[in-house]
Amino acid sequence: MKNKGCLSAGTIGIALLIIVGVLFFWGKNGYNNFVAQEQKVDAKWSNVQTVYQKRANLIPNLERTVKSYSKFEQETLTKVVEARSKATSININPTNLTEEDMARFQAAQGELSGALSRLMAVVESYPNLKADQQYINFQREYIAIENSIRTETVYYNDAARDYNISIKQFPNNILANFTNFKEKPLFKAQAGAENAPSVFTE
């Protein structure tokens, strides 16, 4: 009976070690997977910020070109400049990106998109400005950047969605909650976002 008791205790000890080992390797692999996925999301967010910044960088040249036409409606241009200033003033920490941060970012960028669209619609009434080579160059760069914005936001959403699914699935959700991995917000579709810019004519 004594030997049987010792054997049972030994067996239990081995079983506990196996369980601890399994939990350790599951936790380690799960944690490392979360880290890798989060890093991918952060990298995609960085790409999104880069293309939006490229769009913002176009505006000073646009401003100089438009200002050279004294009859152009200055209020329309002013709204673009102000919207650019607001959009570029928003600083987002990608490691702690919240729904509120995403909403502020999208709202500011949406305001700039709207201001640019209104300005370019007004330009249609100014044939000389519309034919200006600097403005034509802006048009081409703007279309390319808008297409890049659409692409990069889709890539970001795909990476964030995969990450969110991973940390919410059982039993990963237990580990994610314990290690403080949080859900990432997604870009929300805006009216007309599925269409490429169409205000330009050659």
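Arg104 and Asp101 are three residues apart in helix H3, so about one helical turn separates them. This model is predicted, not determined by experiment.

**View 1. A salt bridge joins Arg104 and Asp101 in helix H3**. The closest N and O atoms of the pair are 3.2 Å apart. Which of the two is buried? Asp101 is buried, because its relative accessible area is 17% and the cut-off for buried is under 20%. Arg104, at 41% relative accessibility, counts as partly exposed. Leaving aside residues up to four places away in sequence, Asp101 also touches Ile92 and Asn96.

**View 2. The whole protein is built from six helices and zero strands**. Along the sequence the pattern reads α-α-α-α-α-α. The protein has 202 residues, of which 35% count as buried. Among contacts between residues at least 6 apart in sequence, 80% join residues at least 24 apart. The protein exposes about 12,300 Å², and carbon and sulfur atoms supply 56% of this area.

**View 3. The largest nonpolar core has 44 residues**. Those with the most contacts inside the core are Trp45, Phe72, Leu116, Leu119, Phe138, Tyr156 and Phe187. Which helices each supply at least two residues of this core? They are helix H1 (2-67), helix H2 (74-88), helix H3 (99-123), helix H5 (133-168) and helix H6 (172-179).

**View 4. Phe187 and the residues it touches**. Not counting residues up to four places away in sequence, Phe187 touches Trp45, Val48 and Tyr52, as well as Met102, Phe105 and Gln106. Thr153, Tyr156 and Asn157 complete the list of residues that Phe187 touches. Trp45 and Tyr156, like Phe187, are among the residues with the most contacts inside the largest nonpolar core.

**View 5. Glu63 and Lys67 meet in a salt bridge**. The distance from N to O is 3.2 Å. The two residues are four apart in helix H1, so they are separated by about one helical turn. Glu63 is partly exposed, with a relative accessible area of 22%.

**View 6. Glu146 and Arg150 form a salt bridge**. Their closest N and O atoms are 3.6 Å apart. Both residues are in helix H5, and because they are four residues apart, about one helical turn separates them. Is Glu146 buried or exposed? At 8% relative accessibility, Glu146 counts as buried, while Arg150 is partly exposed at 21%.

**View 7. Glu38, Asp42 and Lys184 are linked in a network of salt bridges**. The structure holds 11 salt bridges.

**View 8. The peptide bond from Phe170 to Pro171 is cis**. Its omega is near 0°. Pro171 is found in the loop between H5 and H6. Most peptide bonds are trans.

**View 9. Asn180 has a positive phi**. The value is near 65°, in a residue other than glycine. Most residues other than glycine have a negative phi. Where is Asn180? Asn180 lies in the segment after H6 and counts as exposed, at 53% relative accessibility.

Conventions. Residues numbered from 1 in each chain as written. Predicted model: local features only at pLDDT ≥ 70, side-chain atom pairs only at ≥ 80, totals over all residues. Heavy atoms only, no water. Core = buried A, V, L, I, M, F, W, Y, C linked by side-chain atoms within 4.5 Å. Buried < 20%, exposed > 50% of the residue type's maximum accessible area, 1.4 Å probe, protein only. Contact = heavy atoms within 4.5 Å. Areas by Shrake-Rupley, 256 points an atom, 1.4 Å probe, with all protein chains shown as cover. Salt bridge = Lys/Arg side-chain N within 4 Å of Asp/Glu carboxyl O.
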